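Hi,

Here is the structure I said I'd pass on. Have a look at it first, and my notes follow below.

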Amino acid sequence: MEKAAAVLCVFGLGMCFSLLGSVSVKLMPRLNIDQGKFGSLISGFMTSCLASSLILGVVTDKLGYGPVAILGFLLTAICILLLARGRTYQAVFLSCVLLGFGAMALNTAGNTLIPVVLFEGKNPAAASNLGNVFFGIGLLLTPLVTSFLFRITSYEKAVSALAVIVAAPVFVAMAATYPESNAAFEFAGAMAILTKPAVLVSGLALFCYAALDTSLCNWLPAFGKEVIGRSGQDMDSGVADASAQRLISVYAIAMIIGRLAASQIPAITEYGAWFIVGASLLTALIVLLMTVTESVRLAWVLVFVAGLASAPFFPTIVGITFAKFSPQVYGSVFGIIFAGALLGGATIPKAIGNLAKGSTVQKSLKLLIPACIILVLLTIILDRL
């Protein structure tokens with residue numbers, strides 16, 4: 001049961017991270033906001049995640065996985081309901097900020113439990129890749145469900161249905177029996193971990209990863225609408241919206257395949273850094289092509305390859321880092337390194353939105369290319385520490 005609870009946590013996290021992108025084509029007209037304002041919603045969510053990740057990492061080590069997982073499911077569902085009902089920018093912004101706390105509870109509980117309960121705790125990177133397949137499933141289902149429901153019911157009812165889906169696994173979390181946490185671990189110990197070179201480099205690497213992943217999850221629908229509009233296709237606006245939303249699903253499917261494949265490589269923890277180096281260079285090339293394509297069909301292919309190439313980034317970096325520490329401090333290690341990821345998610349997508357106001361989202365994606373190149377260097381350093 002604890003394995004089910006762990007993967008359901010990252011499934012819920014996937015829903016959180018694709019939520020704003022999935023509703024963007026309806027939310028922006030509903031609130032009458034531009035790309036810059038929408039980018040601020042992403043930034044508010046990610047900044048909240050950043051603050052709460054540091055706290056919840058230590059809390060998980062102190063209280064255990066169960067209470068944090070239960071909090072995550074319930075709080076996330078409440079925040080999605082608030083997002084569904086919010087009619088002002090201020091109300092929606094508040095729901096995004098609160099959503100960050102729920103998402104990080106799911107994130108910390110799931111991603112620290114997965115390396116302990118899968119593969120008998122002996123291959124952290126493979127376990128993290130396999131468990132995070134369910135992150136990809138959450139990422140996949142959210143735009144599919146919203147795209148379908150937006151065509152048959154109201155915005156409020158469609159988004160409320162997502163709250164029901166994310167709340168359902170709380171019963172599994174309540175029934176599970178979890179490994180013991182290290183209750184003697186103190187906050188001072190967490191601060192000591194912060195000074196470890198592997199933690200610092202891992203946090204910077206995850207900054208680059210999240211800059212890429214969060215930007216794509218939230219800007220792919222807008223990117224898709226721009227390519228469709230420029231391609232000359234005479235398409236109804238509702239059909240165009242649905243087609244653009246499905247780009248997130250294409251990205252998610254590729255991510256599922258990539259992480260599932262990576263989880264089957266026995267030496268992924270030992271040699272994972274070199275997989276990331278090659279995939280980062282490929283992703284940089286793909287993003288460059290995305291910024292210039294005028295073909296809808298090619299855009300779909302490029303998004304799929306981007307998802308396939310970048311899929312192992314996060315779980316492999318986490319697994320490589322965990323392999324350098326004791327499982328008793330996974331919660332605090334994860335909370336600290338994921339703060340780096342959240343900083344990337346809070347800044348770069350917002351920067352893309354700001355740049356797109358004077359240009360296009362498609363051209364603004366060029367900001368992701370330096371992140372891919374820097375990730376290459378950081379991964380090599382992490383591997384040598």
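This is a predicted model: local features need pLDDT of at least 70, side-chain atom pairs count only at pLDDT 80 or more; totals for chains, interfaces and linings use all residues.

On the overall picture, the protein chain has 17 helices and zero strands. Its radius of gyration is 19 Å, which agrees with the value near 21 Å that a compact globule of 385 residues would have. The C-alpha atoms fill a box of roughly 60 × 40 × 30 Å along the principal axes. Of the 385 residues, 61% are buried. If you take contacts between residues at least 6 apart in sequence, 86% of them join residues at least 24 apart.

Now the aromatics. The count comes to six aromatic pairs. One of them is Phe17 with Phe45: the ring centres are 5.6 Å apart and the planes sit at 75 degrees, so this pair is edge-to-face. Together with Phe135, Phe17 and Phe45 form one aromatic cluster.

Tyr209 and Phe314 make a stacked pair, 5.6 Å centre to centre with 25 degrees between the planes. Tyr209 lies in helix H10 (residues 197-231) and Phe314 in helix H14 (residues 313-322), so the pair ties together parts 105 residues apart in sequence. Tyr209 is buried, at 6% relative accessible area, and Phe314 is buried too, at 4%.

Cheers

Conventions:
Residues are numbered from 1 along each chain as its sequence is written. Side-chain values use heavy atoms; hydrogens and water are left out. Helices (H or I, at least four residues) and strands (E, at least two) are DSSP runs, numbered from the N terminus. The radius of gyration is taken over C-alpha atoms; the globule rule is 2.2 Å times the number of residues to the power 0.38. Buried means under 20% relative accessible area, exposed over 50%, partly exposed in between (1.4 Å probe, protein chains only). Contact means heavy atoms within 4.5 Å. Rings of Phe, Tyr and Trp (its six-membered ring) pair if their centres lie within 6.5 Å; planes under 30 degrees apart count as stacked, over 60 as edge-to-face and the rest as tilted.
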